[in-house]
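Morning, everyone. I'd like to walk you through a structure that may be new to you, so let me put it on the screen.

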Amino acid sequence: MFRYWNPHIERMPLTDLEKLQEDRLRSVVRFVSAHSAFYRQRFAEAGVAPEDITKLSDVAKLPFTTKLDLRNTYPTGMFCLPGDWVVRYHVSSGTTGKPTVVGYTQGDIDMWTDSLARALTSIGLGRGDVIQVGYGYGLFTGGLGLHYGAEKIGATVLPMGTGNTERQIELMQDLGSTAIACTPSYFLYINEVAQQMGISIRDDTKLKVGVFGAEPWSEETRKRIEDATGIKAYDIFGTSEMSGPLFTECHLQNGIHIWADYFLVEVLDPKTGEQVGEGERGELVVTTLDKWAFPLIRYRIGDLTILNTAPCECGRTHPRIMRILGRTDDMLIIRGINVFPSQVESVLLRIPEIGEQYQIMVDRKGPLDVMTVKVEVTEQAFSDKISDLMSLSNRVAKELQKVLNVSAEVELVEQGTIPRSVGKAQRVIDKRKV
Amino acid sequence: MVAIKQISIFVENKPGRMARVAKTLSDAGVNIRALTIAEAGDFGVIRMVVDDTEKGYQVLREKGLTVSETDVLAVELKDVPGGLYEIAKTLGDHAINMDYAYAFVTAKAERAMLILRVDDIKRATEVLQATGVRIATREEIQRL
């Protein structure tokens, strides 16, 4: 099980790895300063020159960049190489604002592919595996990213894309897919459809691994997926600004390995911008170390996580981030209290009588915020007794209140009525903003 | 055992939900003998006795509805004042609790029937039959 794609790099002693990061950080800072008016201006405003960056800890002197900068410089104002270097564009969907464009040199694509080759190898995939890519192909980075990574390690790729769920299941059986990459909510839906077709993922397919990401998901969802289908579910992380999906957990499922030769990560207090203590939750901030058409300097991704710098038992020395706990921008403020959809999910999935799908509706009644959580009643839990249903809904409300410290109304709905998504699930409908 | 199967369906309290249930049964040629809706705010439970329970249960499930089957008694009521009292008193005297009940009249058989959900179906059957109350069987309900 202890397989490495690039053992020399993946198990590099920490001091060597830091030296490598330091060299690369110096290079990238000089590079962006030489090639980009945007960064020159930012550095000037922050009163920092490339020569000031000598040690790794000097990264704290550099100014932050944000999604807003990307939007303000739309489409390619933050690129650091001219267009003839760029071999590909990806464009984010822009569901939370203007779309953002990222560009790649051939080297950038190779770095991305190599990052995923290491990751997929670390979960035991390789030659002989059939990897069904159920992420969207096209402008979204998920499909093509996984596709290249899977080919690189010699696996067979089944480039399904999203949707067409019955076909996904048929081909999974006919071509013997051993792994699938898609959003966790879509995989739950695939399992639901398979059951309706009379097919058991556990007994009637060769699927053994799921690579799930592109939306925050909880440890409880992992357990539910693994118990229901017998596969191992791994978390994958990466954002379009960083390239796309890049990193996964190793087979030990204990944090996502961030390749330190490619990315320098910091976890900071979102309010003060100061580094949080070891084991504390904060906002992920990344600096790219080997990405050139569109490098990032201290880019605030907005994902909340915990950094673990201790080398992993798998032998890899690179830092790990724990499961993404939510995003700074999908945090809901309900009656002054911070609520993350991932918290709601972890409560719901501990209650077996309700389904995996849920939706959070937020509205304002008079001066008061009202949060309603819609959950589906499973057939096993439905007994004909109204009192059982009432106590189920009370129990869900009580558990939510305990964890969130804010009360929520619970609405029991019929199975299959919460919209299933083939990509990122829409878990929150906030009517207050309309 | 004279208990018959009732179909219960979980439905949201929204326009069109009942229509969906009724159409599913109608398309399958399943005839509803008796029906009641219990509502509890956002949701409700439709309870019904149909002529072909297996088929009704199956087609509703295939439509993705949340369905369960429950044992109930179909008790024949005398069509005279005090008919219901007699049954309720017998059960009460024997400390058997009625969870819910709903009645229907059949034109063809010229009888009134009470669908009864009790906490102890076996004892309820015994004490009712001992007082001469007729309890309809599955076949009778089907033939009505």
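Predicted model: local features only at pLDDT ≥ 70, side-chain atom pairs only at ≥ 80, totals over all residues.

Okay, chain A, and a helix to begin with. Helix α3 of chain A covers residues 37-46, and its buried residues are A:Y39, A:R42 and A:F43. Where do the buried residues fall when you look down the axis of α3(A)? They sit within an arc of 95 degrees, so they line one face of the helix. As for what the buried residues of α3(A) pack against, that's α2 of chain A, residues 14-35.

Next, the sheets. There's an open one in chain A made of six strands, and the order is β4-β3-β5-β6-β7-β8, with mixed pairing. At its edges are β4, residues 156-158, and β8, residues 247-248, each pairing on one side only. Helix α6 of chain A, residues 141-152, packs on this sheet and touches β3 (130-133), β4 and β5 (179-182). The direction of α6 makes about 170 degrees with that of β3(A).

Let me zoom in on one pair in there. Strand β6 of chain A, residues 209-212, runs parallel to strand β7 of chain A, residues 232-237, and four bridges join them. If you want one bridge to find on the screen, take A:V209, whose partner in β7(A) is A:K232.

Four strands of chain A make it, in the order β19-β18-β17-β20, and here the pairing is mixed. What about its edges? β19 and β20 (428-430) of chain A stand there, each with a single partner strand, so one side of each has no neighbour in the sheet. From one strand to the next, the twist averages 20 degrees.

The pair to look at here is β18 of chain A, residues 368-377, with β19(A): they pair in the parallel sense over five bridges. Opposite A:K374 you'll find A:E411, in β19(A). And lying across β17 (354-365), β18 and β19 of chain A is α12(A), which runs at about 140 degrees to β19(A).

A:G279 is in the loop between β10 (263-268) and β11 (281-288) of chain A. Is A:G279 buried or exposed? It's exposed: A:G279 has 10 other C-beta atoms within 10 Å, and the cut-off for exposed is 12 or fewer. To place A:G279 relative to another residue, A:D52 is 227 residues away from it in sequence and 29 Å away in space, C-alpha to C-alpha.

Now, where do the two chains meet? The contact takes 14 residues from chain A and 16 from chain B. On the chain A side, two or more residues each come from α12 (386-404) and β19 (409-413). By class, that side of chain A has seven nonpolar, three polar and four charged residues.

That brings us to chain B, which is divided into domain 1, residues 4-71, and domain 2, residues 72-143. The centres of these two domains of chain B, taken over C-alpha atoms, are 22 Å apart. Nine residues of domain 1 and 10 residues of domain 2 take part in the contact between them. On the domain 1 side, β1 (4-12), β2 (32-40) and β4 (66-77) of chain B each give two or more residues. β2(B) gives the most to that side, with three residues. Sorted by class, the domain 1 side has three nonpolar, three polar and three charged residues.

Last stop, a helix in chain B. Helix α1 of chain B covers residues 17-27, and the buried ones are B:R17, B:V21 and B:L25. They cover an arc of only 70 degrees around the axis, which puts them on the same side of α1(B). What do they pack against? β1, β2, β3 (43-50) and α2 (53-62) of chain B. The face of α1(B) turned away from there carries the exposed residues B:A19, B:K23, B:S26 and B:D27. After α1(B) comes B:G29, with a positive phi, near 70 degrees.

Key: Residues numbered from 1 in each chain as written. Chains lettered and ligands numbered in written order. Buried ≥ 20, exposed ≤ 12 C-beta atoms within 10 Å, placed from the backbone. Arc of directions from axis to C-beta. Contact = placed C-beta atoms within 7 Å. Pairing = 2+ DSSP bridges. Axes fitted to C-alpha atoms, helices over the stretch in contact; angles between N-to-C directions. Domains from an automatic or database assignment. Nonpolar A, V, L, I, M, F, W, Y, C, P; charged D, E, K, R; others polar.
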